[in-house]
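Hi everyone, thanks for coming.

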Amino acid sequence: MRTTRKTWIVVALLVLSVYSLHTGLWLNFCGPLVTYDSSKYIDGARSYKAGQGFMVRPYSNLDSDLWVHTNTHPPGYSLLTAGVMTVTGLNAYHAAVTVTL
């Protein structure tokens, strides 16, 4: 009975370790893989930090030079992300992940 309990503890620790490694790799290497909504909040943070207000690039195109004002996404998350960018010096994507965590 005691061996079974130790085995389960080892298995649980192994699973948590693999999950932590996977999460860390995902956070570091999947930067450009953002959803449509995420791209809008990241754009909002970038435009706030640049002093342009809450502006986004249409059609989730993070490389476009066209910026438009929007009122479809609440600005709170973008404001927090812009604050983290300013305080820590992180880029917009990593600051957004930090705010999320």
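Let's start at Ala 92: leaving out residues up to four places away in sequence, Ala 92 touches Ile 42, Arg 46, Thr 81 and Met 85, where contact means heavy atoms within 4.5 Å. A word on what you are seeing: this is a predicted model, in which local features need pLDDT of at least 70 and side-chain atom pairs count only at pLDDT 80 or more, while totals for chains, interfaces and linings use all residues. Residues are numbered from 1 along each chain as its sequence is written, and side-chain values use heavy atoms, with hydrogens and water left out.

Now, where does Ala 92 belong? Ala 92 is part of the largest nonpolar core, together with Ile 42, Ala 45, Ala 82, Val 84, Met 85, Tyr 93, Ala 95, Ala 96 and Val 97, ten residues in all. By nonpolar core I mean a set of buried Ala, Val, Leu, Ile, Met, Phe, Trp, Tyr and Cys residues joined through side-chain atoms within 4.5 Å. Buried is under 20% relative accessible area, exposed is over 50%, and partly exposed is in between, with a 1.4 Å probe and protein chains only. Two or more residues of this core come from each of helix H2 (36-49), helix H3 (76-88) and helix H4 (92-100), and H4 gives the most, with five. Helices (H or I, at least four residues) and strands (E, at least two) are DSSP runs numbered from the N terminus. As a general point, nonpolar side chains in soluble globular proteins tend to be buried together.

Let's turn to H2. Its buried residues are Ser 39, Lys 40, Tyr 41, Ile 42, Asp 43, Gly 44, Ala 45 and Ser 47, and their cover includes strand S1 (55-56), H3 and H4. The C-alpha atoms of Lys 40 and Arg 57 are separated by 7.3 Å, although the two are 17 residues apart along the chain. Just after H2, Gly 51 takes a positive phi of about 80°.

To finish, the whole protein. There are four helices and two strands, following the pattern α-α-β-β-α-α along the sequence. Of the 101 residues, 29% count as buried. Among contacts between residues at least 6 apart in sequence, 36% join residues at least 24 apart. Thanks, everyone!
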